[in-house]
Amino acid sequence: MRGLYIGRFQPYHLGHQVVLQKIAQEVDEIVVGIGSAQESHTQENPFTAGERVTMIAGALKDLEATCYVIPLEDVARNAVWVSHVRAMIPSFEVVYSNNPLVVRLFTEAGVAVKRPPMYKREIYSGTRIREMMLSGANWEGLVPEPVAAAIKEIDGVDRLRTVGKDDGG
Ligand code: ATP
Ligand code: MG
């Protein structure tokens, strides 16, 4: 059985990792869909799809299940989004998500959806980690080690700070 897990992963953190470790015990193969793949170099979405693939691939080496990491660009029409996702990834029987729109669209398409419980959401949140990066707080412990290494290699914190500045004009 194959399961699908979708997120923007800006960045991928230990909350995602805990969820995927549990999913790996339920399915043989996991497709990790990187949402809003076309976005990068903004405060909300600092990292490119390719950078996110690198981060996630390093973290998934620990998992038992076979994983595919596949970027998914947004489409302007929610009504065709499930077809778009299906066209881009291997077939799957179950989707794991808590995002209300994602849950709604897959349910309407007749796909089984499971809602994994949040793991320490007040600590492990992409928004919070980006805020910590901006303020100079110690964020490295909130992500798997390969993710922290990948972000350092691309000077990701400096990018995040730069894209938040205006031109002073
Ligand atoms: P952001 O704050 O940028 O939205 P995020 O932490 O919510 O980041 P996403 O990439 O948006 O991360 O989330 C992907 C999926 O992971 C979503 O379904 C989200 O609900 C889930 N998720 C986020 N944080 C946790 C967590 N701490 N435990 C379990 N699941 C989580
Ligand atoms: Mg989110």
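Biologist: Let's start with A57, which helix is that residue found in?
Modeller: A57 is part of helix α2, which covers residues 49-60. Helices here are DSSP runs of H or I with at least four residues, strands are E runs of at least two, and both are numbered from the N terminus.

Biologist: What kind of model am I looking at, and how do the numbers run?
Modeller: It's a predicted model, so local features need pLDDT of at least 70 and side-chain atom pairs count only at pLDDT 80 or more, while totals for chains, interfaces and linings use all residues. Residues are numbered from 1 along each chain as its sequence is written, chains are lettered from A and ligands numbered from 1 in the order in which they are written, and side-chain values use heavy atoms, with hydrogens and water left out.

Biologist: Back to A57, what's its relative accessible area?
Modeller: A57 comes out at 37%, so it is partly exposed. Under 20% is buried, over 50% is exposed and partly exposed is in between, using a 1.4 Å probe and protein chains only.

Biologist: OK, ligand time. Which residues are closest to ligand 1?
Modeller: Y119, R121, G126, T127 and R130 are the closest of the 19 residues that surround ligand 1. A residue counts as near if one of its heavy atoms lies within 4 Å.

Biologist: Which helices and strands supply at least two residues of that shell?
Modeller: β1 (2-7), α1 (14-26) and α5 (126-135) each do.

Biologist: How does the shell split by class?
Modeller: Eight nonpolar, eight polar and three charged residues. Nonpolar is Ala, Val, Leu, Ile, Met, Phe, Trp, Tyr, Cys and Pro, charged is Asp, Glu, Lys and Arg, and the others, Gly among them, are polar.

Biologist: How much of ligand 1's accessible area does the protein cover?
Modeller: 90% of the 590 Å² that ligand 1 has on its own. That's Shrake-Rupley with a 1.4 Å probe, and for residues only the protein chains shown count as cover.

Biologist: Where is S125, then?
Modeller: S125 is in the loop between β5 (112-114) and α5. It counts as buried, at 9% relative accessibility.

Biologist: Which backbone atom does the S125 side chain reach?
Modeller: The backbone nitrogen of R128, at 3.0 Å. A polar contact is a pair of N or O atoms within 3.5 Å; within protein one must be able to donate a hydrogen and the other to accept it, and sequence neighbours count only if both atoms are side-chain atoms.

Biologist: What about phi at S36 and K120?
Modeller: S36 has a positive phi of about 45° and isn't a glycine. K120, another non-glycine residue, has a positive phi near 40°.

Biologist: Where do S36 and K120 lie?
Modeller: S36 lies in the loop between β2 (29-34) and α2 and is buried at 12% relative accessibility. K120 is in the loop between β5 and α5 and is partly exposed at 41%.

Biologist: How far is F9 from A37, and G33 from V53?
Modeller: F9 and A37 are 9.9 Å apart, C-alpha to C-alpha, and 28 residues apart in sequence. For G33 and V53 the C-alpha separation is 9.6 Å, at 20 residues apart along the chain.
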